[in-house]
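Q: I would like to go through this model step by step. Could we settle the terms as we go along?

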Amino acid sequence: MMHKRSPLALDARQVARALGGRAYGNRVSAPGPGHSRRDKSLTVFVDPKEPDGFTVHSHAGDDWQMCRDYVRERLGLPKWQPSTAPQAASERVIPFPRAEAQHGEKPTPFDDTWLRRDGYACTAEYAYTVDGELLYQLLRYEHPSKPKEVRPRHRGADGRWYWKCGTERRPLYRRDYLARRTPGPVFATEGEKDADRVAALGLRAVTAAFGTWTEEAVQDLEGEDCLILEDNDEAGRKKAQDLAALLHGVARSTRIVRLPGLPEKGDVSDYLDAGHDREQLLEVALAAPLWISDADEPSPAADPEPGSEHSAEDPALRQVAKDQDGTIRDAETGEILTPTNEGPGDVLNSLSLGHDVGWTYPTGLLGEMADWILASSRRPNRPLAVAAAVAVLSGVCGRHLYGPTGTALNLYIVMLADTAVGKNRPLSAVGEILDAAGLGILHATAKGFSASAIEQMMADHPCCVATADEIGANLLGRMSHKNGNPHEHAMRGVFLELWSREQGQSAFQLTRRAKAAEVKDKAVQAIPSPSLTLFGASTTEAFYSAVTVGSVRDGFLNRFLLVEAAPRAKAQEAPASARVVPDHIGQALWDIIPEGEGNLQTKLGNYQLMIKPCEDRLDWQSEAVRQRALDFEEEILALGDANKDCAPLMGRIFEYSVRLASLHAVSREGRAAKVTLSDLEWGAAWAVSSARVLLNGATRNMAGSDYEAKFNAVRNTIQAAGMLTRLELARKIRNVSARERDDIIRHLLDGNWIEEIVVPSPGRHAHGWRWIG
């Protein structure tokens, strides 16, 4: 059929201006009729072959004829009048080019009766969508004795189903979930069933329709860390290698994951059916070696032959070997080579407190809670368990207990931990302990990250411990992102004020009229003595990539108390009984709450009611302890004056030392405790450790440019390994070109960060670098 060409010569930019939208080629995304200006539910395709010069599609389900008339009106065109001729299928609303229309084929109505009569049953429908628009479905049919069948169908413009895909587009399966840019690697599976199975674990998973990885599907994985799950047969291994080659130069990194214990032709579903869980899958996947293409393999010419300028016989280059335990030795003399590993955090070594105390072994109630968390963890991690215990106690002391200096006892704690280290257990343990103590009202999950969402959470929970996974990307990232909205940027001011509370301070004024469930829909405009303790987890990379220079300058970053996870421990199977919180822990927490007085009515009124609660201040044990604290504060101030570059990240060491010391005292003796020198030393140990992590981490990971980020990546990789050959470095750093890598290596050599070495091996000598600090 010949297309009737539109007499209108529309331009996509002209349409976008008329609708208040944006043009992308011949496509316009704009607000639909009756929708807000921020809405982008209407898509207009500018096409001179169409009678109107365009077609429309509503992602909100609005009537297409109403949308067409709306566009015509905004363009200043007369209202559409139906013709007497029957409307052709090509003149109806079709959101994407259809394969049948392009090839002149007439679509066949969907009818699977013949399959069902043959004994097949439809067991799954897999929807392929783009930006919420359904392109087509793949139907999985299974038979008791015959091979499975996968058949595509699409919905036509008339709302009926038709066989085939109806479009030549082949996007990723689960593409829209991927587009949400949630943190974490992406698993690539060999089929939709496996992708859904992995996604059900809370992981990101995709696959390609019919196993064909088109250019569109591959490009959707640009910049991602991809984990290819290999099926256990020759075909599966070949497909994994082919996909890795396609992702080369597109994905940020690629690993081919060979799951252990699979039967012949087995896949990830078989692996999970065998009883393996999310953490075990992640552990195996992340332990897989980085895939590197033949083009990236250093050529033999890259490593000089013996006798050349930098050969193994050249005395200018040290021959170095690494033992199985990681010890680096001089290959000729056997001397153990130890890097200096100096960093900006070393300026804190001169402080008189915080060095000889193991803060991960607190006494009293904190130690008991930490021990219970460790005993009930699959992968026990002591620093993270202690951090969770401190977060719980901080919440229980909120609103009614203050430190000897008048400072509030709320904390902003961030656990820095890689995947599969065991950070999920401490996060979940916080709520379990509070529930067991009858204090579940103190626990909140920080789901909405905007100024109004934080205020609403505080109106509902004037005192709370808010837990948040991936706090770097979800919190810092949103506040700092250049494209963030004003509500996200405004979170910084809310968090700054909530952290800096003191005894007797005026009520926290809300910037909007939030409603609190406890006051039965009466408008709340101020919260007396609010207490917010944040307890979150993040990878080191995600945390620092979300940090800006402004966060350092305005003192926001130093309000976070950081704790680095211990190395991954062996998995243990904790019995179900270990998950039961001991009664004495719950009772000890309950006893810390003051009795309700006057309008407070009950003990829990200290946390719930919108009136000023009972407020008590802990005392120093003696004048000598108070003076020791003041001397420590002066030390920190003097150190900051002498190290101006480090001062912004050292500014909260003293205040965090007092807050932590106060909590440690309550842990020992309850709400009537006095803060001793031992308590102060324990608090200072963690506060100084956190500042050191912050100083070193910010220097190593914060980047003001793309080159600086790559420089940090190369430097940190060599430092973490101790020594690396040229090939090992190329495999670990995939987003840095060989030319950039060589330039960075020259800078590291000139700055005496590294030394060039030779690693002896049979047949040839590999050249590389050793970290000397």
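A: Buried means under 20% relative accessible area, exposed means over 50%, and partly exposed lies in between, with a 1.4 Å probe and protein chains only. Helices (H or I, at least four residues) and strands (E, at least two) are DSSP runs, numbered from the N terminus. This is a predicted model, in which local features need pLDDT of at least 70 and side-chain atom pairs count only at pLDDT 80 or more, while totals for chains, interfaces and linings use all residues. Residues are numbered from 1 along each chain as its sequence is written, and side-chain values use heavy atoms, with hydrogens and water left out.

Q: Which residues of helix 10 are buried?
A: In helix 10 (residues 278–287), the buried residues are E279, L281, L282 and A285. They cover an arc of only 160 degrees around the axis, so they lie on the same side of helix 10. The arc is taken from the directions from the helix axis to the C-beta atoms.

Q: What do the buried residues of helix 10 pack against?
A: Their partners are strand 10 (186–188), helix 6 (192–199), strand 12 (225–229), strand 13 (253–257), helix 9 (268–273) and helix 13 (424–436). Contact here means heavy atoms within 4.5 Å.

Q: And which residue caps the N-terminal end of helix 10?
A: D277 does, with a side-chain oxygen 3.3 Å from the backbone nitrogen of E279.

Q: Helix 9 came up just now. Is L272 buried or exposed?
A: L272, which belongs to helix 9, is buried at a relative accessible area of 8%. Leaving out residues up to four places away in sequence, L272 touches R197 and L201. L272 and V198 are 74 residues apart in sequence, yet their C-alpha atoms are 8.9 Å apart in space.

Q: Changing topic: how many residues of strand 22 are buried?
A: In strand 22 (residues 531–538), 8 of the 8 residues are buried, so the strand is largely enclosed by the rest of the structure. In a regular strand, side chains alternate between the two faces of the sheet. Strand 22 is covered on both faces: S531, T533, F535 and A537 are buried on one side, and L532, L534, G536 and S538 on the other.

Q: In which sense do strand 17 and strand 19 pair with strand 22?
A: Strand 17 (residues 412–416) pairs with strand 22 in the parallel sense over 5 bridges, and M415 has A537 as its bridge partner. Strand 19 (residues 463–468) also pairs with strand 22 in the parallel sense, over 6 bridges, and C463 stands opposite S531. Two strands pair if DSSP finds at least two bridges between them.

Q: What does the side chain of E755 make a polar contact with?
A: The side chain of E755, in strand 28 (residues 754–761), makes a polar contact with the side chain of R770 at 2.8 Å. A polar contact is a pair of N or O atoms within 3.5 Å; within protein, one must be able to donate a hydrogen and the other to accept it, and residues adjacent in sequence count only if both atoms are side-chain atoms. E755 is buried, with a relative accessible area of 18%. Beyond its neighbours within four places in sequence, E755 is in contact with R318, L749, G768, W769, R770 and I772.

Q: How many disulfides are there?
A: The count is 0, where a disulfide is a pair of cysteine sulfur atoms within 2.5 Å. C165 is buried at 6% relative accessible area, and C646 is buried at 11%.
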